[in-house]
Amino acid sequence: MRLLDVAAVLDRERNIRTVDPEAEVLKELDDNDASYAILSHRWGKEVTYDEMTGLSVMNPRKRDDVRGRDGYQKIIESCKQAKKDGYRWLWIDTCCIDKRSSSELSEAINSMYRWYRNSKTCYVYLHDIDEPAFPAKQDFSRFGKSNGWPEWFSRGWTLQELIAPMEVEFFNKDWVSIGAKKRLTSKLEDITGIPEQVLEDGLVTWFGERPCTAQIMSWAADRKTTRVEDRAYSLLGLFDVNMPMMYGEGSKAFRRLQLEIMRISSDHSIFAW
């Protein structure tokens, strides 16, 4: 996997006009060996791989545009938090994957659950929370489009990003910590329907076996993705299956997912979906 060098990113930001244009901010490492933090967030106006790697050689106007985006500030604040927590490396999906390469994107999507699982900690950035505390109850006046909870909880990709990492810390829009997964399991079960045992231990250790297919599908049922295909692709790791990405196939992606699950599993609860 390709990881951000936290110190290099922050040093470049402090000395953006004088930094060595050849200085690297990303490095290829083995996720089984590297000690890294990882970010989970709702996408907005983000920074791509080529923009992140080419920032120091951009013309000033373009560079200022990139640095002014909310997505860039997420990168900088995530790096600051990682440095504070003692991590040299950080992974962020927006800028650590070169999405111009279909093979690299496919590899990343098929590896993503493992990457979140192998991270030392996951930072969940809740962009729509102002308060210095985790929401205590549903608020449809604020989060009417996401069942009364922060939008992060309504997205397809964030399901695996909540379950896979052993350590998860939530932050509000100002990067104030508002709670950790291990201390919020009861509330998170209320929000997501995921049992506390799964939130605490992950899928494979839940009473010695995995939850049935229908139960995992139920956790994802009301979640949304921007691309139709991502409803299926975002579930690959949760079912421990792999398949190539074929953007443009639409709802056929979910059918392919079902076939892959049936190929490796005798769990007949899949027929409920």
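**Loop, pocket and rings**

Author: Let's start with G44, which sits in the loop between β3 (36-41) and α2 (49-53). Helices (H or I, at least four residues) and strands (E, at least two) are DSSP runs, numbered from the N terminus. This is a predicted model, where local features need pLDDT of at least 70 and side-chain atom pairs count only at pLDDT 80 or more, while totals for chains, interfaces and linings use all residues. Residues are numbered from 1 along each chain as its sequence is written, and side-chain values use heavy atoms, with hydrogens and water left out.

Reader: Is G44 buried or exposed?
Author: Buried means under 20% relative accessible area, exposed over 50%, and partly exposed in between (1.4 Å probe, protein chains only). G44 has a relative accessible area of 53%, so it is exposed.

Reader: How do I read the largest pocket, and how much space lies in it?
Author: Rolling a probe the size of a water molecule over the atoms shows where empty space is left. On a 1 Å grid over the protein atoms alone, a pocket is an open set of points where a 1.4 Å probe fits, with protein on both sides within 12 Å along at least five of seven lines; lining residues have an atom within 4 Å of a point. A volume is the space filled by probe spheres set on the points, which are joined across faces, edges and corners. Here the largest pocket holds about 490 Å³. Its lining has 20 residues, and W43, D93, W157, D230 and Y247 are the closest to its centre.

Reader: Which element gives the most to that lining?
Author: That's α6, with 3 residues.

Reader: What about aromatic pairs: how many are there?
Author: Rings of Phe, Tyr and Trp (its six-membered ring) pair if their centres lie within 6.5 Å; planes under 30 degrees apart count as stacked, over 60 as edge-to-face and the rest as tilted. The count comes to 11 aromatic pairs. One of them, F153 with F170, is stacked, at 6.2 Å centre to centre and 25° between the planes. F153 lies in the loop between β5 (121-125) and α7, and F170 in strand β6 (residues 168-171), so the pair ties together parts 17 residues apart in sequence. F153 and F170 are both buried.

Reader: And which kind of pair do Y233 and Y247 form?
Author: Edge-to-face, with 5.1 Å centre to centre and 90° between the planes. Y233 is buried, at a relative accessible area of 1%, whereas Y247 is partly exposed at 30%.
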